[in-house]
Structures are given as C-alpha cells and as structure tokens.
Amino acid sequence: MSPPDPGIAAQADGCRILHLGLGSFHRAHQAWYLNRLPAVADPRWVLAGGNLRPDGENLLRALAAQGGEYTLETVAPNGERTYERIRSIGTVIQWDPGLRQMIELGAQAQTRIISFTVTEAGYHLNNQDGLDLASRELASDLGGNSCNTIYGAVAAILAQRMARNGGAVTLLNCDNLRSNGDRFRRWLLAFLAHQGNESLRDWVDTQVSCPNSMVDRITPRPVPALHERVLAATGIRDEAPVMSEAYMQWVIEDRFPAGRPAWEQAGVTMVHDVMPYEEAKIRILNGSHSCIAWAGSLRGHGYIHEAVADPVVRQLAFDYISDEVIPCLQPSPLNLGAYRDIVLQRFGNPFIEDSLERVAADSFAKLPGYIVPTMRERLGR
C-alpha cells in the first residue's frame, strides 16, 4: 500500500490515535508532540488512551476528572523548570477486564493509528526472540479467554475492525526495542497463527502497517513533591502531573497507510530507515543507563545522578561506551562521541532525581536488547 498524504481528509469527528499504556513516558513524549500540533500545523488529531492492566486505575480516574488534561514539568540541566498544560488526550478509557471501550474505539474508522508503550517485559518473549508460550497471561489470551497482553488486546481490536470494515490502520510501537515495528508484526502474526486465526492474519497482511520508531526522553516516576511544585508554579491542583528532562527525540519510519499527524512540524524526525538512530540510542543510552543503575546500586547510591557523579561509575560507563559500543556502530551518520557526552550529561542532571530502582527494573528483559548484541560483536560470536 502506498501511504496517503499526511493531510488526509478527516471525518467529521477528526482523526484519532488510540494509545495503549497511558503512563508517564507516553504523557511526557508522544502526547507532548501531539499537543504541539494545533499551534503549529494540524488541529484535527486527538488521543484516546487507556491501560491493558488495572494497576493504573487511580491515574486514569484523576485524568478523567481533569478532562484528560495534565501539567508537564520539564527540568533543564541547570535546574530551570518549565510548566506546560497538555491537552492532547481527548478520551481517557477506564479499565475493564474485557477492554470493551478500548476495542470499540480501536475498531472505528476514525482511529487511524494504534500506538503502545508496554515496556520490554510486556512482550512475553523467550530466548529465541519468539513468543514465550509458557507465559500464563499469553496462554490465556491465546485461548480467547482474556486480553491481558498487547497481542490479545490488539488482536481483539483488529478483529472488530475487520468485521466492521474499519479500514487500514497503523500499529506504532513506542517501546525501547530494536526494530520494534518489524518485530512486533512478526510476534503478532505468530500469535494469530497459534490462535488459528488465518482470516485475521490475512487481513493484517494487507491492512496493517508496523513502522519502526525510536523514542527518547528520561521520565522518572512522579513524586509527591511534583504536585506541590505544579501548584506553586501554576496555581493548578493537578492530580496527574508528570515530569521529564528537557531533552526529547522521536524518530519514525514513515509508513502510515491511513494517514498521520504532521509530526515533523512538531520536531519529530520522519525517515526511511530508523536503524542508525535506534542502534546508537539503544546501545549507548539504554545500555549505559542500565550499567549505571547496576553499578550505582552496588556502590550504595539511590539515584542515577548520584551514580554518574561517582568517578568510578562514570568512568565505567564512559569506557564501556567508548571501548565497546562505539566500535560496533561504525560507520555511523551520527557523531557518536558527541552523543556519548550528551547522554552522560543528561544522566548527571541532579534535578531529574531518577531512581536506580526504576531504571534497573525488568533488567532481565532489557539485557538481550541493550547489552548482549555488543558483547557478541566484541567477542566475535
């Protein structure tokens, strides 16, 4: 399929992006970019979002009570804090076990893009980069008894979309996975094959695009003090604020058969090949982030900036990037040494207060993507 112009005519109620995983990172990153568009280019696109699991119900209720609005605090390396009201989320989907409203919205033709952030562990993979069929949640979804996983949820949405002739749609992976779109497509098709759902597999082959993307913005878990800072700075008592560093990046492969926002006018890099950007980001930033979290924890630190300020930990990260990672990435269109220095500067921002516990979470799931490829290449295996 050849993608239409990004300015594809909207239906009366506009164009929708349905996002699965309405957490802090999405609200500081993808929602921020879409929030920029009405001011610079394209007011027609709106977000609807919800979660696949019930553990974020308090946040969803708070967002719904605020009409989907919330405050984003950004913190520069010099400590300067800025506050911005984000209004791009038009619909907050409250969780229910069958994900009924999520499936309903995803099946509608005005939903042109279904994006998701479920973190690395949410893909239920085995050591061969295939589906972990021993996973209880995955087995339940394969049996058609639940929508606990990203595959079960997406399959249910697409089945309804196919039944209603909802038309082509893009599945946009926004997690830190190498070749995330291509691999998700393969995992989804494998899920449908295990279900024996050949008709939906055939429909996905012709109607669904899965572009690769690379995302980047450090977003720690919100702390109670954030609510007080937002109130003091804006006068708004916000029950769902989020904070992040000032730096951000989003690189997307431009394959959207049902149209897309004019993201490039909000600072997104639209490309034909994401690989050079994501390899540098995953290996240099994500890999060293985990290394710093592990080493910093062993040396008794609590936050990333504390670990980076430790000369032993910083030198370990610097040497790992310089001696092991950068040689694997050459040749590159990027200045990898400069990128390394920017990454370490960002990690050293004392005002972000990103905990080692958060970064080290799901380390077992992160190792195969962040660290193992570099180890294998340097060992010649």
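Trainee: Is Y151 buried or exposed?

Mentor: Y151 counts as buried, because its relative accessibility is 0%. Buried means under 20% relative accessible area, exposed over 50%, partly exposed in between (1.4 Å probe, protein chains only). Mind the source: this is a predicted model, where local features need pLDDT of at least 70, side-chain atom pairs count only at pLDDT 80 or more, and totals for chains, interfaces and linings use all residues. Residues are numbered from 1 along each chain as its sequence is written, and side-chain values use heavy atoms, with hydrogens and water left out.

Trainee: How many aromatic pairs are there?

Mentor: The count is nine. Rings of Phe, Tyr and Trp (its six-membered ring) pair if their centres lie within 6.5 Å; planes under 30 degrees apart count as stacked, over 60 as edge-to-face and the rest as tilted. One of them is F116 with F184, tilted, at 4.7 Å centre to centre and 50 degrees between the planes. Both F116 and F184 are buried. Y151 and F184 are stacked, at 5.8 Å and 10 degrees.

Trainee: Which residues do ring pairs link into a cluster?

Mentor: F116, Y123, Y151, F184, W187 and F191.
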